[in-house]
Amino acid sequence: MTETKLRQANDFIQKQAVKQTDWRKPAYHFSAPIGWLNDPNGLIFFQNKCHLFYQYNPYSTQWDDMHWGHAVSDDLIHWENLPVALAPDQDYDKSGVFSGSAIEKDGRLYLMYTGHVVKHGVVTETQNVAYSDGGVHFQKYAGNPVIDARLLPTGSLTSDFRDPKLFAYNDRYYAVVASAKDGHGQILLFQSDDLLHWRFTSTLLAGRPELGIMAECPDLFQTSDGHWGLVFSAIVGDGQPNVVHLALGDINWQTGAFELAKISVLDQGSDFYAPQSFAYHGKRILIPWLRNDRLLDFLGEQGHTWNGQMGIPRQLSIVNGSLYQEPFLDMPTRLDDQSFVIDNKKLITFSGRIVVISDSGLLSGDELAFDNDSGDLIRLSRKSLTQYELNLHLDTFDHHQEITIEEPTRIQKLDILIDNSSIEIFINQQVAASFVIYPKGVFRRMSYQGSSCFIGRKFYL
């Protein structure tokens with residue numbers, strides 16, 4: 001691999017990423033030291049560390065010149081930044097090293113990513129491999145690209161062919177790749193015996209309206225009940241918001257078709273996109289990118305040197321065909337973990353960020369509110385057995401969101417995670433809603449209105 005662009009990126013980061021106080025920067029959600037961040041890439045547990053790669057432009061708070069950033073963690077909360085892993089420095093990726101994934105083979109870490117090339121206004125995307133024995137410094141394979149237009153089914157666009165997700169099954173390696181044909185999204189399946197030589201297997205999923213005009217960042221994995229889950233992020237088009245879906249079903253390995261049993265929206269918030277999952281100590285952990293489409297340039301315009309954050313890692317499981325998801329906070333005993341009870345006459349004070357966990361949740365008609373000294377307000381209320389309502393009244397925007405529970409119970413577990421620039425809500429370990437927020441000041445108070453009280457635990461990360 002040509003070292004020049006990698007060296008330039010890492011030298012720039014080292015010089016620019018001086019320690020400074022930025023109260024908007026996430027405290028317990030991952031963000032890059034400087035620059036623009038989007039899709040999580042290459043999530044893997046390798047050599048006793050959790051590795052997070054990500055789409056990265058170190059030179060600006062806007063999307064451009066995509067590299068792969070890199071960080072590692074022991075607990076999925078505290079991250080150590082490592083040198084940039086990949087830079088666009090070859091003829092087949094000179095316009096950007098786009099999203100991809102990671103897998104271990106014979107003790108070596110392999111990355112597969114999309115090489116993006118724009119030449120004379122024509123876009124070409126191919127799939128490429130890089131590898132490392134130590135998991136830090138990567139060598140691009142001399143035989144790249146390993147999957148290109150020659151392996152695509154007839155009519156598939158070479159300009160929309162990206163985001164390979166690797167997995168192993170039945171002594172073979174597979175990659176699901178996002179594609180488009182005739183204005184509609186499709187997900188393709190390829191297979192290999194050695195990660196370097198690939199052949200087309202099938203069109204895994206097509207002809208579904210949920211796939212939109214392009215179904216980005218596909219992620220195929222075997223679920224805890226022995227079936228299969230397929231996550232994809234659909235570009236809907238026509239000015240509509242993009243949506244992340246989870247399809248549950250089985251794979252016919254003879255035809256390569258995905259036999260769909262159920263499909264649902266993975267997160268009901270407006271700012272959740274491009275998630276990727278990986279196996280971690282027998283659990284399926286998923287990390288998304290959080291972004292607010294209306295305020296993509298807000299941080300740069302306000303003079304901040306970073307832009308973009310990951311959502312909290314969440315654990316996915318399938319029980320009797322139903323999805324369960326909850327924040328993964330596998331931390332040692334927390335000395336600041338405190339039980340509390342609040343009613344109409346009491347409130348809780350904190351500074352900026354908080355995690356609230358309640359095993360009893362809210363009753364119908366109850367309301368929780370979070371506010372600050374600057375007029376910003378977050379209000380979460382339970383309207384009925386099946387309906388919550390979230391209202392964000394912030395200096396930067398107002399937003400109303402209904403959160404629907406498909407399988408209601410009278411009392412529901414409630415997790416609320418407020419960081420310096422995000423809020424994530426998990427209800428009954430089933431539904432979730434994620435948002436990027438830019439209040440004028442840090443949140444300081446939590447209050448309750450209702451017929452009884454609110455019981456929970458709070459801690460700070």
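**Aromatic stops**

There are 24 aromatic pairs in this structure, counting Phe, Tyr and Trp rings (six-membered ring for Trp) with centres within 6.5 Å; planes under 30 degrees apart are stacked, over 60 edge-to-face, and the rest tilted. It's a predicted model, where local features need pLDDT of at least 70, side-chain atom pairs need 80 or more, and totals for chains, interfaces and linings use all residues. Numbering runs from 1 along each chain as its sequence is written, and side-chain values use heavy atoms, without hydrogens and water.

Select F167 and W228: a tilted pair, 5.8 Å centre to centre with 55° between the planes. F167 sits in strand 9 (residues 156–169) and W228 in strand 14 (residues 228–235), so this pair ties together parts 61 residues apart in sequence. Strands here are DSSP E runs of at least two residues, numbered from the N terminus.

How buried is W228? Its relative accessible area is 4%, and buried means under 20% (1.4 Å probe, protein chains only). Show Y174 and W253 too, and you have the cluster that ring pairs link together with F167, Y169 and W228.

Next, pick K25, which lies over the face of W306 at 5.5 Å from the ring centre. R291 does likewise over W289, at 5.7 Å. The test is NZ of Lys or CZ of Arg within 6 Å of the ring centre and within 35 degrees of the ring normal.

Last stop: L76. Beyond neighbours within four places in sequence, L76 contacts C50, F278, Y280, I285, P313 and F328 (heavy atoms within 4.5 Å).

Methods: Helix = DSSP H or I, 4+ residues; strand = E, 2+ residues; numbered from the N terminus. Buried < 20%, exposed > 50% of the residue type's maximum accessible area, 1.4 Å probe, protein only.
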